[in-house]
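Please keep the structure open beside you as you read.

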Amino acid sequence: MAFFPAYDDTEIIDYLRAQAPNAEVVFEPNELDKHQSGKYGMGTGSGKLLAYVEVADVADIQGVLRTARKFHLPVIPQAAATSTVAGSDGIEHGLMLSTRRMNKILDVSRADQVAVVQPGVINQDLDNAARKVGMFYAPDPGSKPISAIGGNVSTNAGGMSTVKYGATRDNVLGVKVVLADGRELSLGHRTLKQAFGYNLTQLFVGSEGTLGIVTEVTVKLMPIPLGQPITGMAFFHDMKTLAAAVTEIRASGVYPAMLEALDGATVEALDRYEGTHYAQGKGALLILRLDNGGEEALKKVEEILAQFAAQHLSVTSDPDEQAAILKLRQDMLPAVFANGNHVMEDMAVPLSKLADMMDYIAKIAQDLDVEIYTAGHAGDGNVHPTLIWPKEETEVPQKVTQALQLMFREALRLGGTISGEHAVGLLKNQWNNEELGENVDQLQHQIKALLDPMNLLNPGRKID
């Protein structure tokens, strides 16, 4: 088929540089290859990027979008490139717009209990800055040391403390965002409450860069709780029993800051990875943390654990010992991933159905002979089964795909979702009809068409 382009790539790059004069523009093929696929996804970047652009300011972003409109080019927004669902992998002849250099913490206010940051600020860096004034930033995804606030907003990232403090959505008060047509909107407020106008702020939280480019975020900060936190661990016969105990703890009035679950296989993987001896046939592991409540809260938790025959309970307020326990959860991913090629999933179900979901995952592993390591944020019903297959098999085995389909449909049948915190990206966008229904799916496309009528922003992600 003949193709007669109106412009060659050199003309487009020259125009791009003129429109975004402060940006770093990379267009050499060898350098572009480094940005084609994020290292935490599944290498789904298709075709070759036209350019990778690290913007320095809002004007640069507007310049990139002006270029995209003029030449009808897809734009792939990216912050720290930590997406696990191919949410910011490259698209053929696209412009990858990175906000990595927009990484300033603009304000940290103890009096207002807010912080204002640019999208490239790393989550851990924001938390560190808040702690210097006696506050902390609550959302703590597993990628906390490496993921950026812009990406956290884009995916509505969660984490271990979501059980008490909520996900990113619950901690965002306002955003500034540049639309596909170049307008910059200021949405939300610095106040902890506001009821004026439609809540457009939350429309952009979790939108995965398909509706606009986030340029600034105002988030809530929390005061560091008084007293000495308590961290503990206990073992259960299986994940189903653990999940039932977690449901009871959640309803007890204790308000734990963390309830993390690791199945027996995951604990064994941690032992292999770290040279420890936690498993020893003890079963599923619950890691819990109480940041206030004192002896009364701990006593209540111990009563519930005993009710569900928990064994080997140990609790500590010693900072070093607490760090060692938390390191188990933090090292879970590399310990599991070391066992072969992998895909980690992200279903969430109502708390009353968590035990059923855990039981179903174990049954799928047995019935299909698939190696599955299950962990997750049990306190909010978020389950992360990791499916493993031999490293020499470069393609995803059919039985792994079948297992994923069965788990997704079971999560939906139980009233849950197939993505609790990792977002949709490219890997799950064909499930919109199944999870949301045709009417809601159509409405999502109508919203996308209103804000991005040329379909330039992250096309094919979030919605298909």
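**Notes on the model**

1. Let me begin towards the end of the chain, with Asn 458, which sits in the segment after helix H16 (438–451). One thing to keep in mind throughout is that this is a predicted model. Is Asn 458 buried or exposed? Its relative accessible area is 1%, so Asn 458 is buried, the limit for that class being under 20%.

2. What does the side chain of Asn 458 meet there? One of its polar atoms lies 2.9 Å from the backbone oxygen of Gly 87. Setting aside residues up to four places away in sequence, Asn 458 touches Val 75, Ile 76, Pro 77 and Gly 87, and also Glu 208, Gly 209 and Thr 210. I would display these neighbours together with Asn 458.

3. Glu 208 belongs to the loop between helix H7 (200–204) and strand E10 (213–220). With a relative accessible area of 3%, Glu 208 is buried. A polar atom of the Glu 208 side chain lies 2.9 Å from the backbone nitrogen of Val 424. Not counting residues up to four places away in sequence, Glu 208 touches Ser 154, Ala 423, Val 424, Gly 425, Asn 458 and Lys 462.

4. Now for the domains. The assignment for the chain gives domain 1 as 9–101, domain 2 as 105–223 and domain 3 as 230–414.

5. How far apart are the C-alpha centres of domain 2 and domain 3? The separation is 28 Å. In terms of contacts, 7 residues of domain 2 meet 14 residues of domain 3. The two domains bury about 810 Å² between them, with 59% of that on carbon and sulfur atoms. Which residues of domain 2 lose the most area to domain 3? They are Met 160, Val 163 and Lys 164, which together account for 78% of what the domain 2 side buries.

6. On the domain 2 side, the residues that touch domain 3 comprise 3 nonpolar, 3 polar and 1 charged.

7. Moving to salt bridges in general, the count comes to 21. One of them pairs the side chains of Lys 48 and Asp 33, at 2.8 Å from N to O. This pair links distant parts of the chain, 15 residues apart: Lys 48 is in the loop between helix H2 (29–33) and strand E2 (51–54), and Asp 33 is in helix H2. Asp 33 is partly exposed, at 38% relative accessibility.

8. A further salt bridge joins the side chains of Arg 100 and Glu 54, at 3.7 Å from N to O. Why does this pair tie together parts that are 46 residues apart in sequence? Because Arg 100 lies in the loop between strand E4 (95–98) and strand E5 (105–109), while Glu 54 lies in strand E2. As for accessibility, Arg 100 is partly exposed at 37%, whereas Glu 54 is buried at 13%.

9. Please also look at Asp 331, in the loop between helix H11 (319–330) and helix H12 (332–337). Asp 331 forms a salt bridge with Lys 327, the closest N and O atoms being 2.4 Å apart. Here Lys 327 is partly exposed, with a relative accessible area of 41%, and Asp 331 is buried, with 13%. Separately, salt bridges with shared partners join Asp 107, Asp 112 and Arg 190 into one network.

10. Which residues does Asp 331 contact, leaving aside its neighbours within four places in sequence? They are Leu 270, Tyr 273 and Glu 274. The C-alpha atoms of Asp 331 and Leu 270 are separated by 7.3 Å, although these residues are 61 apart along the chain.

Key. Residues numbered from 1 in each chain as written. Predicted model: local features only at pLDDT ≥ 70, side-chain atom pairs only at ≥ 80, totals over all residues. Heavy atoms only, no water. Domains from an automatic or database assignment. Contact = heavy atoms within 4.5 Å. Buried area = accessible area lost by both parts, 1.4 Å probe. Nonpolar A, V, L, I, M, F, W, Y, C, P; charged D, E, K, R; others polar. Salt bridge = Lys/Arg side-chain N within 4 Å of Asp/Glu carboxyl O. Helix = DSSP H or I, 4+ residues; strand = E, 2+ residues; numbered from the N terminus. Buried < 20%, exposed > 50% of the residue type's maximum accessible area, 1.4 Å probe, protein only. Polar contact = N/O pair within 3.5 Å; in protein donor to acceptor, adjacent residues only side chain to side chain.
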